[in-house]
Amino acid sequence: VPDWFGDGWLGNLEVLSLCECRWVTDSVVSSLLKATGGLSLKDVDLSWTSITDASLCNISRVLRNSLLRFKIVGCSLQGKKSVTWLGIEALGSCQMLQSLKLYGYNEVSDESVAVVAGACSFIKTFSVPSCCALSDRGVVAAVSRWPHLARLDISRIPSVTDTTLEAIASSCPNITTLRVCGCTRVSDAGLIQCASSCKSLAKIDVSGCHLFTDEGAIAIAHYLADSLLSLDAFTCPSLSDVGTSALLSECLKLERLNVSCCSQVTLQNSPLSPKTSPRQGSPPPPSP
């Protein structure tokens, strides 16, 4: 690759995805950045490559005024994860950044997220599932600075609690997607605050949240009746037919409801049961 293109030859390139190209190293990324000139490149995915912090620092320098979306997952070199907090913090130089996806990095700490949040105020999508070093402190610091946040994935972060959801409720009125799958310390209280304050919520994933009960489901059905499209509640043992019936009756736009492995859900008396009419409890359709 270093010999394929001259400087600026890829000046019109806007999207660069090299996902799962293990041959991509820091030198390859450096050559490609020179070929683009850093003027038009807006969307970069370097997941499952062999880059290090050097590439992230280079990207933050060359694309500081153009990069809008960046994704990096599973980068390793010689069997070891090759991206650290140094590279993540460097991304704070890309002040136009709107979407940042960092999956499964223990190097994503409260401090590194705070650095990015302090510099990048236009974030609309933030995905950090399985970044287990994060806690309420880092996520709250971030969402409090991102009023335009629309999609948040903080799944499988064991330290996240209702404190984060309270911050989302007060700072992110336009959020549409919330994924807290596997956040076992998240409860009805936090979810109710989000549902009551964030009326555009359309997709919610609470799978594995053992503290999610019928109370939370009924509140979501009430507050998000006009917006909810999808709810995943896989393996929520405290959810029963009472909660699912409320969701099916009130959320008329609902397209997806995943209640697999919820031991108390039978759907026997729900609006989907043959014994009941469709959408039982919902208002009748208008007369023609």
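Q: What makes residues such as Leu16 and Ile59 part of the lining of the largest cavity?
A: In this predicted model, the largest cavity is lined by Leu16, Leu18, Val29, Leu32, Leu33, Leu41, Val44, Leu46, Ile59 and Leu63. A lining residue is one that has an atom within 4 Å of a point of the cavity, so each of these residues, Leu16 and Ile59 among them, counts as lining.

Q: Which helix gives the largest share of that lining?
A: Helix α1, which spans residues 26-36, supplies the largest share, with 3 residues.

Q: How many cavities of 30 Å³ or more are found, and how much space lies in the largest cavity?
A: A search of the whole structure finds 2 cavities of 30 Å³ or more, and the largest cavity holds about 60 Å³ of space.

Q: Why is tryptophan 9 called exposed?
A: Tryptophan 9 has a relative accessible area of 63%, and a residue is called exposed when that value is over 50%; therefore tryptophan 9 counts as exposed. Tryptophan 9 is placed in the segment before β1 (15-17), and together with Trp4 and Phe5 it makes a nonpolar surface patch of about 420 Å².

Q: How do you know that asparagine 12 is exposed?
A: The relative accessibility of asparagine 12 is 72%, and the cut-off for an exposed residue is over 50%, so asparagine 12 counts as exposed. Asparagine 12 also has its place in the segment before β1, and its C-alpha lies 44 Å from that of alanine 233, a residue 221 places away in sequence.

Q: Why is valine 180 called buried?
A: Valine 180 has a relative accessibility of 0%, and buried means under 20%, so valine 180 is counted as buried. Valine 180 lies in the loop between β9 (177-179) and α7 (188-197). When residues up to four places away in sequence are left out, valine 180 touches Ile154, Ser155, Leu165, Val186, Asp205, Val206 and Cys209. The C-alpha atoms of valine 180 and serine 50 are separated by 29 Å, and the two residues are 130 residues apart along the chain.

Q: Which residues of helix α5 are buried, and what covers them?
A: In helix α5, residues 136-143, the buried residues are Asp136, Gly138, Val139, Ala142 and Val143. The cover over the buried residues of α5 includes α4 (110-119), β8 (151-153) and α6 (162-171). An α-helix has 3.6 residues a turn, so residues three or four places apart point the same way.

Definitions and conventions: Residues are numbered from 1 along each chain as its sequence is written. This is a predicted model: local features need pLDDT of at least 70, side-chain atom pairs count only at pLDDT 80 or more; totals for chains, interfaces and linings use all residues. Side-chain values use heavy atoms; hydrogens and water are left out. Buried means under 20% relative accessible area, exposed over 50%, partly exposed in between (1.4 Å probe, protein chains only). Helices (H or I, at least four residues) and strands (E, at least two) are DSSP runs, numbered from the N terminus. Contact means heavy atoms within 4.5 Å. Patches are made of residues with over 30% relative accessible area and no salt bridge: like charges are joined within 9 Å, nonpolar side chains (Val, Leu, Ile, Met, Phe, Trp, Tyr) within 5 Å. Accessible areas come from the Shrake-Rupley method with a 1.4 Å probe; for residues, only the protein chains shown count as cover. A salt bridge is a side-chain nitrogen of Lys or Arg within 4 Å of a carboxyl oxygen of Asp or Glu. On a 1 Å grid over the protein atoms alone, a cavity is a set of points where a 1.4 Å probe fits but cannot get out, and a pocket is an open set with protein on both sides within 12 Å along at least five of seven lines; lining residues have an atom within 4 Å of a point. Grid points are joined across faces, edges and corners, and a volume is the space filled by probe spheres set on the points.
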